[in-house]
Structure formats: C-alpha cells, structure tokens
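Take this structure one contact at a time.

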Amino acid sequence: MSIYPLKYISLKKIVNLVKVFACYYLSILLRKVIVLGNPYSLTTEPTNKCNLQCLECPTGNKSSTRTKGDIDFENYKNIIDEVKNFVIYQMIYFQGEPFLNPDFFKLIKYADQNKIITSTSTNGHFLSEENCHKIIQSGLKKILISLDGTNQKTYEKYRIGGDFEKVTKGIKTLLEVKKTTKSKFPFINLQFLVFKHNQHQIKEIKQLAKSLGVKLELKSAQVENFQANSELIPSIKKFSRYDNFFHIKSKLPSKCIRIWSTLVVSWEGKVVSCCFDKNLKHQFGNTRTQSVLDIWKSNEFNTFRKNILIHRKKILICSNCSEGLRINY
C-alpha cells in the first residue's frame with residue numbers, strides 16, 4: 001500500500017485488518033466461524049450493462065439471468081458512509097462495463113473523498129479525452145484495461161463487437177492526459193487473457209506494453225462453457241487452467257479468505273459471496289433496506305462461511321474458482 005498516499009491508511013483500518021486475518025485463521029483452527037473484523041476490501045457493481053459480447057462473460061453472451069441496471073447513487077453513498085472507517089481498497093467493477101453508468105465518476109470521487117483507494121476494470125472503449133480528464137479528477141488510483149490481441153482480427157475473436165484501434169487510442173489518450181496534468185494516478189495495467197487464438201502474440205503484446213510504458217498482466221482465462229468454447233483453451237500448458245479433461249489443474253484451496261475480507265455488492269444492492277458469484281446465487285441481504293455491517297455478520301453470511309470451512313468443494317461457484325496464472329511485466 002506504500003505506493004499510495006498515507007492519508008488512505010489509518011490506525012483503525014490497520015487494527016481492523018489484523019482482526020480480519022486473526023479471525024480467519026482462528027476460524028480454520030477451531031473449525032468455527034469467528035467474525036470480529038469488518039471488510040477491508042469492497043467490490044461494488046456500477047452496472048451490469050455492456051457494449052461487447054465476450055464469449056465467456058454471462059453479460060456479454062446473454063446467459064445471465066439478471067435484469068440490467070445501474071447502482072443507485074444514494075444507496076452507494078450509504079454503503080461508503082458505513083464502511084469508510086474500515087475499507088482500504090475498493091474495486092468499482094463486478095459485471096458489465098463500468099463507464100456505462102452515468103454516475104461512474106461520482107462513484108469514484110465519493111469513495112476517494114472518503115479515503116478509499118479505488119480501482120476499476122474496463123474494456124477500454126470509453127477513454128475519450130473528456131473521460132480521461134474526468135478519470136484524473138475523480139481520484140481513481142488504478143485502471144485495468146483488457147486487450148486480448150495485437151490486431152483487430154485477433155482481438156475481436158473473443159471481444160466480439162470490440163474495436164482494437166479505439167482501445168489503443170484511448171490508452172494513449174489517458175497516458176497523454178496523465179502527462180499533461182502531471183498526475184501520478186491512475187496506474188494503468190493492460191490485461192491480456194491468453195487464449196489459443198492469441199497465444200502467438202504474447203511477444204507482441206509485451207512489446208506494445210513496453211512501448212506505451214504501462215504494466216502488462218498475462219492471465220490464464222476462465223472457461224465455463226467447454227462444449228461451445230473449448231477452442232479458447234491455449235495449447236501452451238502454463239497458460240491453461242485446465243487439463244485434457246477440462247478439470248482445473250491447480251488444487252482448489254480448502255479455505256477462502258475472501259468471505260472474511262471482501263464485501264461484494266451488486267448494482268441492485270444485494271450482498272453476495274464473492275466476485276465469482278456472477279448470477280447472485282448466494283445472497284445474504286440488501287443494502288437498500290439493511291445495514292451493510294449487519295449483513296456482514298448475519299446468520300446467513302456466517303452459515304455460508306461455515307460451509308466454506310467444512311466442504312468448500314461442494315459449493316458450485318467454487319468448483320471453477322481458480323486465480324489461474326498471472327504474470328506481470
């Protein structure tokens with residue numbers, strides 16, 4: 001956290017952080033759910049609308065059963081007001097394209113004003129000069145931009161409806177605005193999901209990131225619809241999450257700290273288990289009608305934590321949960 005201004009860290013937040021980790025490891029040791037700390041990480045969903053049709057995204061491929069909408073700003077403010085003394089970091093993204101929420105910059109700014117470090121993830125199609133200035137002014141500290149190819153043909157194979165030139169131009173615009181405004185933030189990371197059809201461009205994407213002066217993250221892709229999209233799985237074994245039988249190669253950890261550390265809120269205000277719960281199968285309450293911290297320590301949430309402690313492998317959303325391989329450059 002030292003790369004960010006110290007004003008975002010307080011003694012109260014540090015004490016809470018210690019509580020979270022202590023309770024997590026005690027819960028494992030005693031096989032009993034202990035939750036004395038509050039979330040130090042927050043994920044909020046600005047919107048679940050999107051302008052692309054990515055093959056493995058429930059929003060993009062239209063497999064999501066959820067209604068489309070934007071988070072209510074007043075509800076969002078209430079969430080921030082309740083957790084601002086504990087939360088250190090916030091990801092303002094879950095499903096969808098966050099720039100499609102008309103209040104997106106207000107969301108960032110309100111969190112930043114309340115000393116929460118903010119980050120987002122985008123497909124990069126809305127990085128106009130005007131928006132880039134708004135990004136700087138909002139106080140956003142990190143932006144992850146997806147770019148899974150080094151030309152239009154390769155890029156659009158997964159990011160259906162995407163425009164490679166528009167994204168690269170937007171990245172350059174953001175870099176230029178940062179330079180002219182002499183702003184250190186946001187840090188810019190490119191994310192390149194490695195598929196079979198783009199694995200031959202790994203060297204090229206490294207060169208592109210270097211020429212732009214931004215960090216690059218190569219990441220193995222999550223595939224759920226093997227029957228339709230098995231051809232996405234790369235032949236370079238280290239970049240594949242799966243073996244020849246479409247099973248996750250890495251062993252699923254028996255425990256998970258996310259549900260002791262991170263609060264995930266959908267645009268509807270629903271609190272869910274984690275960012276892998278894309279269709280909101282495990283809901284513990286709604287911030288529109290309930291206190292965030294009451295939900296965090298509710299019987300419903302603690303029952304789910306208990307199930308994670310005892311038999312995580314039997315929980316469906318955990319079965320394809322794997323951080324996979326991430327290589328940063």
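Glu130 and Lys134 sit four residues apart in helix H4 (residues 129-138), so about one helical turn separates them. Helices here are DSSP runs of H or I with at least four residues, strands are runs of E with at least two, and both are numbered from the N terminus. The two side chains form a salt bridge, with the closest N and O atoms 3.4 Å apart. A salt bridge is a side-chain nitrogen of Lys or Arg within 4 Å of a carboxyl oxygen of Asp or Glu. Glu130 is exposed at 53% relative accessible area, while Lys134 is partly exposed at 31%. The classes are buried under 20%, exposed over 50% and partly exposed in between (1.4 Å probe, protein chains only).

This is a predicted model: local features need pLDDT of at least 70, side-chain atom pairs count only at pLDDT 80 or more, and totals for chains, interfaces and linings use all residues. Residues are numbered from 1 along each chain as its sequence is written, and side-chain values use heavy atoms, leaving out hydrogens and water.

The whole structure holds seven salt bridges. One of them joins Lys49 to Asp70, again with closest N and O atoms 3.4 Å apart. Both residues lie in the loop between strand E1 (41-44) and helix H2 (73-83), so the pair ties together parts 21 residues apart in sequence. Lys49 is partly exposed at 32%; Asp70 is partly exposed at 23%. Asp103 and Lys106 meet at 4.0 Å, N to O. Glu45, Arg66 and Glu268 are linked in a salt-bridge network.

Now the surface. Leu11, Ile14, Val15 and Val18 make a nonpolar patch of about 380 Å². Patch residues have over 30% relative accessible area and no salt bridge, with nonpolar side chains (Val, Leu, Ile, Met, Phe, Trp, Tyr) joined within 5 Å and like charges within 9 Å. Areas come from the Shrake-Rupley method with a 1.4 Å probe; for residues, only the protein chains shown count as cover. Leu11 belongs to helix H1 (residues 11-30) and is exposed at 66%.

What is left inside? There are two cavities of 30 Å³ or more. A cavity is a set of points on a 1 Å grid over the protein atoms alone where a 1.4 Å probe fits but cannot get out; lining residues have an atom within 4 Å of a point. Eleven residues line the largest cavity, with Cys256, Cys274, Ile308, Arg312 and Cys318 nearest its centre.

Technical notes. On a 1 Å grid over the protein atoms alone, a cavity is a set of points where a 1.4 Å probe fits but cannot get out, and a pocket is an open set with protein on both sides within 12 Å along at least five of seven lines; lining residues have an atom within 4 Å of a point. Grid points are joined across faces, edges and corners, and a volume is the space filled by probe spheres set on the points.
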